[in-house]
Amino acid sequence: MLKYDSYYFQCPNCKAWLEGRNLKSELVNEAILYSDGKILYDNYITTPQKMIQCPSCGHNYWVEKPEEPFITTEVPPVIPYSWNTWRFYGINFSDNKGKLALITHYKLFLAKSHYDPKKEIYLRRLLWWAYNDLHRNFHYVRLKYFLNGFMSYGVWANYRRMLLEGERLFIKNLKDFNENLNRLLALLEKHPEERFDLEVPEIYRELRQFDKSKSLLENKTSRTHFTSEILRHLKWKDPRVFMVTG
Ligand SMILES: [Zn+2]
């Protein structure tokens with residue numbers, strides 16, 4: 001079954017054709033939601049990539065909305081650069097070096113120029129998720145995930161090694177992680193319309209400001225599964241990103 005719809009667009013600088021993909025909307029419900037708001041389907045992020053680096057000429061450009069006429073669903077006359085060559089700047093998520101490279105990309109974009117608040121929120125949110133990718137699914141280090149039989153010993157042991165190294169890298173970068181979150185928080189305070197539900201209490205939790213996070217959640221009138229899960233992690237004084245549903 002085809003999970004994605006292809007679309008095509010041209011680099012505004014060198015006119016190279018790139019192929020993009022959209023997850024078919026009926027599959028969105030099968031995705032995994034994490035506490036930082038990142039949604040993954042089949043290991044692919046479902047948030048559209050708005051900052052593109054052309055795989056042909058290296059030009060950076062912003063795509064606010066991948067809509068016509070900027071994009072087309074008609075196959076172009078030349079072979080386009082595939083999605084993998086530019087999606088997440090061609091990095092490889094299966095090792096920590098790739099994850100660090102993604103962090104560097106976002107930091108460079110942020111350092112290179114000034115963005116309007118909406119764009120800066122977008123880039124800082126993706127930088128936040130990229131740091132969290134270093135230890136996302138950290139619960140898999142526990143032996144029970146090998147013992148429940150979903151992974152062979154070799155696969156589990158390799159994954160575990162990568163997560164433990166990722167955790168060390170995350171802690172090494174904690175100062176930058178906190179700086180980015182504080183900046184994102186300040187932007188979201190000024191632009192509440194850009195917030196995801198529960199994003200602010202989650203940021204406080206990840207900044208280890210557990211009491212502040214708890215008081216924000218307790219002020220909410222409606223309680224969801226997501227709210228209870230954050231409260232549970234607050235009780236444990238656990239600041240790590242976690243899987244909400246999946
Ligand atoms: Zn180009």
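Before looking at helix packing, I noted how it is scored: axes are lines fitted to C-alpha atoms, for helices over the stretch in contact, and angles run from 0 to 180 degrees between N-to-C directions. Helices (H or I, at least four residues) and strands (E, at least two) are DSSP runs, numbered from the N terminus.

I reminded myself that this is a predicted model, where local features need pLDDT of at least 70, side-chain atom pairs count only at pLDDT 80 or more, and totals for chains, interfaces and linings use all residues. Residues are numbered from 1 along each chain as its sequence is written.

**Helix pair.** I looked up α7 (residues 199–206) and α8 (residues 210–218), and found their axes 7 Å apart at an angle of about 160 degrees. That makes the two helices, α7 and α8, roughly antiparallel (angles over 145 degrees count as such). For the contacts (C-beta atoms, placed from the backbone, within 7 Å), I listed V200, P201, Y204 and R205 from α7, which meet F210, K212, S213, L216 and L217 from α8. By class, I have 6 nonpolar, 1 polar and 2 charged residues there.

Next I checked β1 (residues 4–10) and β2 (residues 17–23), which pair in the antiparallel sense over 7 bridges (pairing needs at least two bridges found by DSSP). I saw F9 opposite L18 in β2. Between the strands of this hairpin lie 6 residues, and K15 takes a positive phi near 70 degrees.

**Domains.** Last, I noted domain 1 (1–90) and domain 2 (197–239), with bounds from an automatic or database domain assignment. Their centres, taken over C-alpha atoms, are 33 Å apart.

How values were computed. Parallel < 35°, antiparallel > 145°, perpendicular 65-115°, else oblique. Contact = placed C-beta atoms within 7 Å. Nonpolar A, V, L, I, M, F, W, Y, C, P; charged D, E, K, R; others polar.
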